Amino acid sequence: MSNVVSMEEIRAIADRLGVDLTQIDLDSIHLPPGENFGIPSDDDDLMEEDPLEFDPGFGNILVVDNLPVVPKEKFEKLEGVVRKIYSQLGVIKEGGLYMPVDPETQKTLGYCFIEYNTPQEADLSKEKTHGYKLDRSHIFAVNMFEDIEKFRKVPDEWAPPEIKPYVPGEMLLKWLTDEKARDQYVIRSGNDTEVLWNDARQLKPELVYKRPFWTESFVQWSPMGTYLATVHRQGAAIWGGATTFNRLMRYAHPQVKLIDFSPGERYLVTYSSHEPSNPRDTHRVVLNIFDVRTGKVMRDFKGSADEFAVGGTGGVTGVSWPVFRWSGGKEDKYFARIGKNVISVYETETFSLIDKKSIKVENVMDFSWSPTDPILSLFVPECGNQPARVSLVQIPSKEELRQKNLFSVSDCKMYWQSNGDYLAVKVDRYTKTKKSTYTGFELFRIKERDIPIEVLELDNKNDKIIAFAWEPKGHRFAVIHGDNPRPDVSFYSMRSGTNTGRVSKLTTLKGKQANALYWSPGGRFIILAGMKGFNGQLEFFDVDELDTMASAEHFMATDVEWDPTGRYVATAVTSVHEMENGFNVWSFNGKLLYRILKDHFFQFLWRPRPPSFLSKEKEEEIAKNLKKYSKKYEAEDQDVSLQLSEQDREKRKKLKEEWEAWLSEWKRLHEEEKAEREKLRDGEASDEEEEYEAKEVEVEEIINVTEEVIPFEESEQ
């Protein structure tokens with residue numbers, strides 16, 4: 001491969017040869033066809049031929065077999081019957097129904113071709129009509145035309161597959177072994193996607209990998225940070241590594257709009273929504289569940305948008321996202337979806353319903369999984385004389401573990417604590433007059449015997465609840481309540497002194513410019529953020545000490561993201577706003593470390609870390625002997641500090657040298673032009689040295705002020 005030549009080197013060569021580069025149109029220079037002079041293009045990977053699974057081919061054409069064989073006079077009637085059946089499932093193209101005829105007998109051959117506008121319509125028709133019973137003697141056998149093409153190309157004789165030599169790739173978890181214990185993050189701005197190290201010690205990021213047009217809409221890390229997913233018109237792809245980010249697998253799903261990983265990264269759910277051919281129909285929805293490692297479709301779901309629009313907060317075209325919610329833990333054993341009056345729970349061993357039937361729950365509106373156990377929490381609103389209720393259901397037995405009836409309910413939201421120890425149910429209730437509502441909390445202690453429930457009401461129960469958040473892995477929670485623009489923030493604990501079975505209030509912070517809560521992943525520290533109308537107000541708060549560590553502002557901030565270790569936090573202004581796009585990285589205690597501005601900034605995502613392999617006892621031992629372990633890093637910090645100081649000195653020295661060089665050059669030019677100036681002044685030298693007076697000015701600056709109180713003793717009077 002040829003060496004890459006920089007523009008500086010090209011300019012030097014051009015000067016040596018006497019070539020004026022400004023007169024050359026570099027864009028008009030083209031290499032001979034097929035020649036790259038040993039320098040591969042960055043676009044080679046994008047231009048390489050896609051595999052068959054991404055080739056649109058004949059995906060919109062069906063072959064319908066086992067049709068009646070009829071003479072010419074009955075041909076039109078049979079064609080009308082077939083067209084009537086298949087036009088109900090999609091729009092058949094003009095001339096898109098072809099029924100071959102035997103030229104000798106002038107009878108049909110018992111099969112036909114149907115061409116739809118889209119592959120989705122063809123796929124749906126195949127699913128709905130394969131095995132359709134036209135009469136006793138004719139049961140439709142429906143195949144995709146492209147499948148028949150595949151079978152036709154199968155060679156007559158078997159040949160062993162070509163065995164490719166093993167090429168070792170980069171270890172997918174290598175990034176976790178970084179000697180500086182840094183974390184990575186991905187950003188998207190303009191057409192570029194970049195993965196960077198957060199080098200907080202150097203007060204700047206370090207580029208790991210950059211690629212233009214890497215995705216067509218967004219990128220997404222898998223839950224444990226093993227993969228980075230990109231989304232394209234043909235489907236999704238995953239990439240991995242610490243520095244190379246090679247493509248590991250592709251998942252064919254045309255027009256995919258959303259993706260979701262299972263918690264253990266075993267499965268990938270892809271979603272697409274398609275415009276109906278008939279304006280009166282709803283959008284068609286396609287969901288595929290892929291095995292992440294093999295790329296195999298384990299189960300697909302198709303239907304109208306209405307079938308997937310029950311429950312949740314809404315996604316695209318009215319569909320709540322994610323449609324499937326996964327049970328907690330790395331096993332990825334169960335996933336569930338909500339339907340009309342049912343909760344459908346599937347197990348991943350066979351990807352079928354548990355006990356082959358859904359759980360019937362009249363008027364069920366919402367559900368969520370425990371983050372750690374196979375327990376479902378369900379919310380059912382009031383209906384007639386039946387009160388609203390929250391139920392806990394064990395999976396796979398479907399046994400109801402606990403139920404709480406709720407009266408005069410307006411709305412209900414469920415919040416699980418990250419360890420699955422507690423469930424908080426925020427309940428908005430109507431007053432007796434039904435003209436207003438008030439809010440309270442039902443707190444479930446999941447791990448205790450009989451799952452006791454405690455009711456919590458705010459001091460002013462008419463306060464509006466703006467935000468709620470559990471402390472990760474902890475027993476505390478925070479609530480923003482009251483009226484804007486300065487609501488209050490209260491902190492509570494599920495433990496009360498020696499009594500671990502009673503909730504208690506820790507403190508209330510009055511009049512805060514906050515409408516969002518962001519706990520550190522390690523607990524203890526929290527950011528009280530004022531987003532949107534509050535213009536990015538940030539308060540870094542220590543809940544252990546009940547003390548504000550710092551107050552800051554990131555004007556117009558749209559996102560706040562803690563790194564997975566809880567050491568650093570990023571705030572970002574995305575392209576929702578036209579100005580000030582970019583991100584800031586802060587320390588956990590609110591010190592601004594560095595700021596990066598990026599035009600058309602779309603995404604900032606920290607790379608998640610997998611759970612630690614250390615036992616709880618080992619983690620406690622490390623915390624106990626932290627000073628011993630921290631000596632190594634303190635020495636490194638000192639080295640970095642000295643390095644930064646040396647860099648500052650070098651920078652100042654360079655600036656001084658540049659100034660002195662400029663001054664010397666100015667004096668030289670001044671001296672060269674002296675004769676010309678005298679000539680212009682008729683020989684009068686008006687700028688002789690003696691006309692100027694040099695003065696030295698002393699400037700005093702207070703570096704530090706220390707006050708010391710000296711005790712006054714009476715004996716010295």
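Good morning. Setting aside neighbours within four places in sequence, Ser-504 is in contact with Phe-491, Tyr-492, Ser-493, Arg-495 and Ser-496, where contact means heavy atoms within 4.5 Å. This is a predicted model, in which local features need pLDDT of at least 70 and side-chain atom pairs count only at pLDDT 80 or more, while totals for chains, interfaces and linings use all residues. Residues are numbered from 1 along each chain as its sequence is written, and side-chain values use heavy atoms, with hydrogens and water left out.

To stay with Ser-504: this residue belongs to strand 34, residues 504-509. Helices (H or I, at least four residues) and strands (E, at least two) are DSSP runs, numbered from the N terminus. Is Ser-504 buried or exposed? Ser-504 counts as buried because its relative accessibility is 17%; buried means under 20% relative accessible area, exposed over 50%, and partly exposed in between, with a 1.4 Å probe and protein chains only. Its side chain also reaches the backbone oxygen of Arg-495 at 3.0 Å.

Let me turn to helix 4. In this helix, residues 119-129, the buried residues are Gln-120, Glu-121, Ala-122, Leu-124, Ser-125 and Thr-129. They pack against several elements, among them strand 1 (61-65), helix 3 (75-87) and strand 3 (111-116). At the N-terminal end, Thr-118 caps helix 4, with a side-chain oxygen 3.2 Å from the backbone nitrogen of Glu-121. Just after the helix, Gly-131 has a positive phi of about 90 degrees.

Next, the cores. A nonpolar core is a set of buried Ala, Val, Leu, Ile, Met, Phe, Trp, Tyr and Cys residues joined through side-chain atoms within 4.5 Å. In the largest one, of 18 residues, those touching the most other members are Leu-62, Val-64, Val-82, Tyr-86, Cys-112 and Ile-114. Strand 1, helix 3, strand 2 (92-98), strand 3 and strand 6 each give two or more residues to this core. Which element supplies the largest share? That is helix 3, with four residues. Beyond its neighbours within four places in sequence, Tyr-86 has contacts that include Leu-62, Val-64 and Ile-114, and also Ser-125 and Thr-129. Ser-125 and Thr-129 are among the buried residues of helix 4.

On cysteines, Cys-112 counts as buried because its relative accessibility is 0%, and Cys-412 counts as buried because its value is 6%. The structure holds zero disulfides, a disulfide being a pair of cysteine sulfur atoms within 2.5 Å.

Some backbone details deserve attention. Ile-395 and Pro-396 are joined by a cis peptide bond, with omega about 15 degrees, and Pro-396 sits in the loop between strand 25 (388-394) and strand 26 (399-406). Lys-398 is also placed in the loop between strand 25 and strand 26; although not a glycine, Lys-398 has a positive phi of about 65 degrees. Lys-398 counts as partly exposed because its relative accessibility is 22%. The peptide bond from Asn-484 to Pro-485 is cis as well, with omega near 10 degrees, and Pro-485 lies in the loop between strand 32 (476-481) and strand 33 (488-493).

Finally, confidence. The chain averages a pLDDT of 86, and 88% of the residues score at least 70; pLDDT is the predictor's confidence in each residue, from 0 to 100. Over residues 42-56 the pLDDT is below 50, and this stretch has 17 contacts in the model beyond near neighbours in sequence. Thank you.

Note on methods: Polar contact = N/O pair within 3.5 Å; in protein donor to acceptor, adjacent residues only side chain to side chain.
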